[in-house]
Amino acid sequence: MSEVKKPPSSGADAGWTRFVTARPRLTLLLALLVTALSVVAGGGVADRLGSGGWEDPGAQSTYATRALEREFPHSEPNLLLLVDAAAGTTGVDDPAVAAEAERLTTALAAERGVVGVGSYWRTQLPTLRSEDGRQALIVGRVQGDEKTATAALERMAPRFEGERGPVRVSLGGPAAVQREVTETIQEDLLRAELIALPVTLVLLVLVFGSAVAALLPLAVGIVAILGTNAVLRGLTEFTDVSVFAQNLTTALGLGLAIDYALFIVRRFREELAAGRDPVGAVGATLRTAGRTVLFSALTVAVSLSAMLFFPMYFLRSFAYAGVAVVLLAAAAALILLPAALVLLGERVNALDLRRLWRRRGRPETAATGPAETGRGWGRAAALVMRRAPVFAVATTVGLLLLGLPFAGVKFGTVDDRQLPKDAPSHVVQEQIRDGFPNSPGGGITVLAEGAPSTERLAAYRDRLAALPGVTRVDGPIGSEAGSEYTTFSVSVEGEAVGQTARDLVDEVRAVDAGFKTSVTGQAAVLVDAQKAIAGALPAAAALVVLATLLLVFLLTGSLLIPLQAVLLNALSLTAMFGAVVWVFQEGNLSGLLSFTATGDIETTLPVLMFCIAFGLSMDYGVFLISRIKEEYDRTGDHESAVRTGLARTGGLITAAALILAVVMVAIGTSRVTNTKMLGLGIALAVLMDAMVVRSLLVPAVMKLTGRATWWAPAPLRRLHERFGLSEGESAPPTPEPERIPVGAGA
């Protein structure tokens, strides 16, 4: 056996221990005060969050859309009043229906902040009348951003919706959809919290045994969530933040706080059982598990911060919320939790509820629980390493096969179909899609500038009409303000965001008009969003990969382990991406999960899911690798270190993954499809990573690489000796996993 160096405790370690243990009561009192201030500061944050953010703000389509909203408000309606003629009338052309519709149109035009109001009865446009003649539309535009539009709809809805004499009125359009998405997410988030908190508490009691120990991770999570809400509330003063970010705040706030607290409390109890006093146990815990938590938080934060490279505020919002909640969860676990543990001491094991069902005569120990017994995990690791090539190949092939459906992914945009089938705005939009000859807002719109001559505009229109896939070109239409702007409306074959429409966007932009043109419409917004993501993706991926390589190297001093970590983490995500396409794009299980499949996946969601799932995979990877590294530093025996590391952490990682999966599944009960996809997809990725990759693939690969796993060239070894950190100093020897009684209290 080679001589193994054991890094000494640094002055920074001792200073940190003194800082968190010197005034534990004062620390907790200050934490309580800061948490109370966070409640006040974060109050009402949901009312300031937006429900959009999928478009690139610097894209040509965004520029054209804003110009159209300003110059041609009637051409960009975001509010639709669907008017149904009552039974007993001849249809929308009945005089009584027409009179009531005219009254509604006048009333809508008189509303504050509403412009560009028109209707079938004023324009006689066939696109505003259903094919059966029983429905017609009043259109308008609510000015301002999403939050302003939502507030305006709250004010107007009671005056327009419902039975109105010979007609029945329903609200639709993007503004109504966004309003309903926001309200639904807020309601679903409350329900998810009511589901996740009690189930999580029960699981924590099963893991720890002690009710006192089980409450500590929940306290850390609540502090992180409330603090993040305050951060988001502050950010809304300077930038747009998506309402979807609140889901991530709850999920990661609970999930990561529980992960970090599990490892801190587990190690603290282990140190107590080894004979240390509470202060000494906290010090040893911070030098070992504390460092692991710090590295884990950094790796997750880096993965989430990669979304800042993308211009869409939907993605950037998840970076704001994710980085804030990760750092706050880590800070609470490394400052508040140690202070509480110093005060609790042995009482951390109090109220062992498992005594109610533990078999009589079974020995007890305060230091361990089912997540920490390790006997089965040690045997499993030994079996995997004996058949390492078989497990490595079979697991890799299996994961790749699960990911195959993602090869057929199709990207699309968000619309009303992410809402439940019975949601009022979804019902309205579905009726418009099915019953009207051409949905308002469909097709491609071209904005022309510079007041070109009538002849040049006509020639340009003819060139547009000659493009393959174009069925009709309407225009040019001059601005109501008499400015230099004119527009063309290009109708296309197939769906508004179908492949034909997307191909036409680039072809329309390539047509030489001889004057400045800008192209927008749903297809153009999608094309520009895809280009923005493709342009930012290399930089975002480089940040995640390089930062992960660096952090794992600083943790282990190995050249090979960081490469393994990146590759195996990416491999663990294949099942998630395959399931996203198989379920949410192709519609399998849509009846069971209660959603409407649209045949595509919103463009930004795979990026979001990758960043979150990769970060969480690294979270568990760091926990396992750091314990293996600690054992290798102590013994110098590679295979024993892998076996013991998995025995010591396998159950705990699985318990943490199960708890996080419960939180994500609770988020996945949302009635909004995008949130459902996010929650269930991340839950699947977490479980696959903990139960397949960490349990089978990691020990198999580390067996195959052998002692070369820990090799690094001399310059890198010196770099690690100077700057590296690891779980180098452990507590006094603890009992071997095989001697720990199954079911003992944590």
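Visitor: How many bridges join strand β1 to strand β5?

Guide: Strands are DSSP runs of E, at least two residues, and helices are runs of H or I, at least four residues, both numbered from the N terminus. Two strands pair if DSSP finds at least two bridges between them. Here six bridges join β1 (residues 79–85) to β5 (residues 167–172), and the two run antiparallel. Leu80 has Gly172 in β5 as its bridge partner. Asp84 stands opposite Arg168 in β5.

Visitor: What kind of model is this?

Guide: The model is predicted: local features need pLDDT of at least 70, side-chain atom pairs count only at pLDDT 80 or more, and totals for chains, interfaces and linings use all residues. Residues are numbered from 1 along each chain as its sequence is written, and side-chain values use heavy atoms, with hydrogens and water left out.

Visitor: In what order do the five strands form the sheet?

Guide: The order is β2-β3-β1-β5-β4, in an open sheet with antiparallel pairing. β2 (114–119) and β4 (162–164) are at the edges, each with a single partner strand, so one side of each has no neighbour in the sheet. Angles are taken between N-to-C directions, from 0 to 180 degrees, with axes fitted to C-alpha atoms, for helices over the stretch in contact. Direction ignored, neighbouring strands here are turned by 25° against each other on average.

Visitor: Which helix packs on the sheet?

Guide: Contact means heavy atoms within 4.5 Å. Helix α4 (residues 95–109) touches β1, β2, β3 (135–142), β4 and β5. Its direction makes about 165° with that of β2.

Visitor: How do β4 and β5 pair?

Guide: They pair in the antiparallel sense, over three bridges. Gly162 stands opposite Val169 in β5. Their hairpin has two residues between the strands, and Gly165 takes a positive phi near 65° there.
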